[in-house]
Amino acid sequence: MAITAQDVNKLRQMTGAGMMDCKKALQEADGDFDKAVDILRKQGQKVAAKRADNAVSEGTVLINISEDGTNGKLVALACETEPVSNVEDFKNLAQSILDKAVADNIADKDALLAATLADGRPVSEHMVELTGKLGEKLEISAYENVTADKVVPYIHSNGKLGVLVAFAGVNGTDVAELGKDVAMQIAAMKPVALDKDGIDAATIEREIEVGKEQARAEGKPEAMLEKIAQGKLQKFYKDSTLLNQEFVKDSSLTIRQLLEKTSKGLSVTSFKRVAIGG
């Protein structure tokens, strides 16, 4: 049967797919719109399979904080190139995914991918469909759900880096400004853990071995290597754990001391730092 321009435009409005893709799908489906929609979805699956191994280094990070400030949710939707990250359909899907996470208080990424959006189809299916339209791999590279006495967010100006900081012992203290300072510290200084006890044994062992090798390369006696390595490990703790880092705005204070100075009993219980592409 003849496929008219009106038919092609109607299918495009229904699916958001390109004009030529819609025309081909309608021709293959003999003008049946439901079959044409299925064909376009299958095309998305084929594109997704082809691009499964591609790197995703662009995208957007979105955050929602509950009205009472006790819960924060972060979604990072990644793609391959910056132009795609600026496409309205991509932005809309990211927002829809975050909205669903908030509405259902979704626990983790697997549950989020399986969650159904307004049309009854799961998030994962929407992502495959949009992959077919945009021609790029899409991935939820991170999903975080944090609850605390107070959760403070930060999103970097590039929209690809987000932080959630969980505070305890707030006791009526306004931590908005402090929280932003701590969140920006996390964004810039990339701590790997909250405190020393958050560093896993394998990392500690590796840092000690690296310290020994560095000292050995400097010609230090074998008998001194362990002591030197332990000293370097303490520096690693200071540089790489949030509470022991120097506050970037005032190097006379560590983050732990900054919290104590702000309000007795105030603490950071956890943080999440998510960056797309690094």
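Me: Why is Val 37 called buried?

Reply: Keep in mind that this is a predicted model. Val 37 has a relative accessibility of 12%, and buried means under 20%, so Val 37 counts as buried. Val 37 is found in helix α3, which covers residues 33-50.

Me: What makes Phe 236 and Tyr 237 an aromatic pair, and why is the pair called tilted?

Reply: A search of the whole structure turns up 1 aromatic pair, and Phe 236 and Tyr 237 form that pair at 6.3 Å centre to centre. Ring centres have to lie within 6.5 Å, so this one qualifies. The planes are 50 degrees apart; stacked needs under 30 and edge-to-face over 60, so tilted is what remains.

Me: How do you know whether Phe 236 and Tyr 237 are buried or exposed?

Reply: Same cut-off of under 20% for buried. Phe 236 comes in at 13% relative accessibility and Tyr 237 has a relative accessible area of 9%, so both count as buried.

Me: What makes up the lining of the second largest pocket?

Reply: There are 13 lining residues, with Gly 59, Thr 60, Ser 85, Asn 86 and Asn 158 nearest the centre. By class, 7 are polar, 4 charged and 2 nonpolar; Gly counts as polar here. β1 (58-65), α4 (82-85) and α5 (88-104) each supply at least two lining residues, and β1 gives the most, with 4. The space inside is about 210 Å³.

Terms used:
Residues numbered from 1 in each chain as written. Predicted model: local features only at pLDDT ≥ 70, side-chain atom pairs only at ≥ 80, totals over all residues. Heavy atoms only, no water. Buried < 20%, exposed > 50% of the residue type's maximum accessible area, 1.4 Å probe, protein only. 1 Å grid on protein atoms, 1.4 Å probe; cavity = no way out; pocket = protein on both sides within 12 Å on 5 of 7 lines; lining within 4 Å. Points joined across faces, edges and corners; volume = space filled by probe spheres on them. Phe/Tyr/Trp six-rings, centres within 6.5 Å; stacked < 30°, edge-to-face > 60°.
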